Amino acid sequence: MKTDSGTVDLGRFDFASGDEIENLEVAYETYGEFDGDNAVLICHALTGSQNVAGYGSETTGQARAWWNDIVGPGKAIDTNDYYVVCANVPGSCYGTTGPASKDPEGEVYGTDFPPVTVADWTRSQRLLLDELGVGRLHAVVGGSVGGMNALDWAKRYPDDARYVVSVAAAARLDAQCLALDAIARRAITTDPHWNGGEYYDRDEAPTDGLALARQIGHVMYLSKASMEGKFGRRAAGRDARRDSFPSDPAAAFFPYRDVESYLDYQAEKFVDRFDANSYLYLTRAMDDYDLAEGYEDDARAVAAFEGEALLLSFTGDWHFTTEQSETLAAAFREAGAPVAHHVIESDHGHDAFLVEPEKVGPPLRDFLDSGVEGRAVHDTDADADSGPGSDFAPVHASLFSQ
């Protein structure tokens, strides 16, 4: 698989907030070879990076790519056929300019960095593709907030992609998710080491606050069933550590549970690779996104879209629900755009799009090949009457050959 990575300086960039910076650098990776008509843009999730396939790098700080089971030679997004581009979004900390970057005077931006929006991400990707010589895309594919990013392509550049795939996403966040994100941000900003966002030249960073924010996120990403099956009420092993956070004197009397140990482990890994200010910026961009912004409703927002859309949702995902995806599918249908809402039965929660490639791969692969007519692509509208007492029935990817 031919791969390339680098950083492109896009020059002055005007943000949706009205602010600008003199130089926006965008870090990217590409896989496969471009033939003029086979480019697939992949939009990463909240704390993901441009390293979508392969085995990580010092730049991203990730030992393994986040969608390595989906992207690569012979996989669902086959890099023997497609030229895959993935770019780190503005505001992040994996090589694209963000709060942890230095301004033209050599000072770290910190919270002087402009507020970022999903629209800024989309525009920066379009400019990067221009620099890479890529015009119309075969497809834009994104998961989680990356799925919102993909939807924004359908709205903002309706002629620029043949296919749009939004995986485990929605047109906007609901109140419960907005509330949890707000608590996560407050965990960071109330950490005494956050120091108003100016911690880069200090010995201590707001690691406790960032760790707590990540733990809240992990609870959002797992389903109730998956947490019960994975952890239950079991106590952690005898050698398990419980010193990630200060504990009250009575704690020694009670068990340090598996679920606590898991959350502490995930938090410790995360604070080593991510920036607290970037977490603030990116969650605000996600919370702010509303597909219908500037339009009367979602259908009018995608009315100019000239391609076909695939929406993948998971029954155990309460972060972005199947009901939200169905509402979005109805908007595409109202706009007259060919769309398939493919529901996958899963107990893994929001993380299903990352950990169940055997279920995600077949419909994604066939949609990229044949659109909504793809053999493994299932649509709720076509089977609206297939299940008593429900509006739509989930499909098991195992019904389709790999």
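Helix α2 (residues 145–156) is largely enclosed by the rest of the structure, because 11 of its 12 residues are buried, that is, under 20% relative accessible area with a 1.4 Å probe and protein chains only. The buried residues are Val-145, Gly-146, Gly-147, Met-148, Asn-149, Ala-150, Leu-151, Asp-152, Trp-153, Ala-154 and Lys-155. The model is predicted, local features need pLDDT of at least 70, side-chain atom pairs count only at pLDDT 80 or more, and totals for chains, interfaces and linings use all residues. Residues are numbered from 1 along each chain as its sequence is written, and side-chain values use heavy atoms, with hydrogens and water left out.

Helices here are DSSP runs of H or I with at least four residues, numbered from the N terminus. The expected span of a helix is 1.5 Å times one less than its number of residues. For the 12 residues of α2 this gives 16 Å, which agrees with the 16 Å between its end C-alpha atoms. Helix α1 (residues 118–132) has 15 residues and should span 21 Å, in agreement with end C-alpha atoms 21 Å apart. Among the buried residues of α1 are Trp-121, Leu-128 and Leu-129.

The axes of α1 and α2, which are lines fitted to C-alpha atoms over the stretch in contact, come within 9 Å and cross at roughly 70°. The angle, taken between N-to-C directions on a scale from 0 to 180 degrees, makes α1 roughly perpendicular to α2, a class that covers 65 to 115 degrees. Residues in contact (heavy atoms within 4.5 Å) include Trp-121 and Leu-129 in α1 and Met-148 and Trp-153 in α2.

Terms used:
Helices (H or I, at least four residues) and strands (E, at least two) are DSSP runs, numbered from the N terminus. Buried means under 20% relative accessible area, exposed over 50%, partly exposed in between (1.4 Å probe, protein chains only). Angles under 35 degrees count as roughly parallel, over 145 as roughly antiparallel, 65 to 115 as roughly perpendicular and the rest as oblique.
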